[in-house]
Amino acid sequence: MLLQIVSALGVVVVAVLACSAYFYFSNKILDLALPVKDGDIRAASRNLNRRALVRPWLFVGPALFLLVVYLVYPVVATFILSFYDRAGEQFVGVANYQWALGDREFRQSIFNNILWLAVVPAACTFFGLVIAVMTDRIWWGNIAKSIVFMPMAISFVGASVIWKFIYEYRGGNDVQIGLLNAIVQTFGGTPEVWISVPFWNNFFLMVILIWIQTGFAMVILSAALRGIPEETIEAAVIDGANGWQIFWRIMVPQVWGSIAVVWTTITILVLKVFDIVLTMTNGQWQSMVLANLMFNWLFRGGGDSGRSAVIAIIIMLAVTPIMVWNVRRANRELKGH
């Protein structure tokens, strides 16, 4: 453990020093390559202009290189691979896409992803906004926010293990140690293996992601709410508006941009959800989602590069419109300011 910590710290230190050295020496080389001499004003002016053109690319260049290598190239390679067989050697045209349209498990995954998209972003945003408003009204609000935000520090796998104990089922006459089954049994109900109930198990899995991401939504929306001018709230109170009207007609419209950011960010996260399903059900009992299906085709049963590439392309196509809309909305806001 100590060796891992030391190694991690060493990597951080080396990376920071390497970046600092790159920027320092590249700047020095640029100054030497395009010198500014006192004797020739025209040459000095020309070199200063050239420096101004080149220097931004020296800073942005490494990031662009990494973007191409780790983002653009994999996307292009995945798209090409989707037209090849399981080994990625023989061209099969659109056969993999035809398989996807006709596969029952693929259609089930699409349905489950749509279900997740309909529930999780809305629930996280709603609960985050409500908690942000309520915690601003109480003296121990910061403590409450810290408690709500805590799950954000837990990995998806760690959170899944926690909730696995909550959904735990013991057969026969064993004492139910799972919180949910213990509550059900206390009120005279019958304990169930909740995560094995088709369709409804999706909602039990969604609760885990909602529990994790509500803290993120709360922090962003709480900051946005603090940006609402007090004069606006006071004017609404003077005009006779009640708390409900202030919330829906004053607060929500003024933080709508932040609500959109939270909603779209969580939507993208939902499209990539993988760890929770893998840990809780492994895609069994009709709980499969696209990311898990891609993982299964890529690494299990000998692997199938072509079919897994098709699923990856579909996930990327689903994410792209949301990202484009988010970027365009951000640009409009910047132009508005």
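Arg51 counts as buried, at 14% relative accessibility, where buried means under 20% relative accessible area, exposed over 50% and partly exposed in between (1.4 Å probe, protein chains only). The model is predicted: local features need pLDDT of at least 70, side-chain atom pairs count only at pLDDT 80 or more, and totals for chains, interfaces and linings use all residues. Residues are numbered from 1 along each chain as its sequence is written, and side-chain values use heavy atoms, with hydrogens and water left out.

**Salt bridges**

Two salt bridges are found in a search of the whole structure; the criterion is a side-chain nitrogen of Lys or Arg within 4 Å of a carboxyl oxygen of Asp or Glu.

| Salt bridge | N to O distance |
|---|---|
| Asp31 and Arg51 | 3.4 Å |
| Arg55 and Asp31 | 3.0 Å |

Arg55 belongs to helix H2 and Asp31 to helix H1, so this pair ties together parts that are 24 residues apart in sequence. Through shared partners, the salt bridges join Asp31, Arg51 and Arg55 into one network. Asp31 is partly exposed, with a relative accessible area of 25%, and Arg55 is partly exposed at 23%. The helices are DSSP runs (H or I, at least four residues; strands are E, at least two), numbered from the N terminus.

**Domain interface**

Domain 1 spans 38-81 and domain 2 spans 96-333, with bounds that come from an automatic or database domain assignment. Their centres, taken over C-alpha atoms, are separated by 39 Å. Four residues of domain 1 are in contact with seven residues of domain 2, contact being heavy atoms within 4.5 Å. The buried area between the two domains is about 430 Å², and carbon and sulfur atoms give 80% of it; this is the accessible area (1.4 Å probe) that two parts lose on being put together, summed over both. In domain 1, Thr78, Phe79 and Leu81 lose the most area to domain 2, together 83% of what that side buries. Between domain 1 and domain 2 the count of salt bridges is zero.

**Backbone exceptions**

Most residues other than glycine have a negative phi. Phe199, not a glycine, has a positive phi of about 70 degrees and lies in the loop between helix H7 (179-186) and helix H8 (200-226). Asn282, also not a glycine, has a positive phi of about 55 degrees, and its loop runs between helix H12 (275-280) and helix H13 (290-299). Phe199 is partly exposed at 32% relative accessibility, and Asn282 is partly exposed at 31%.
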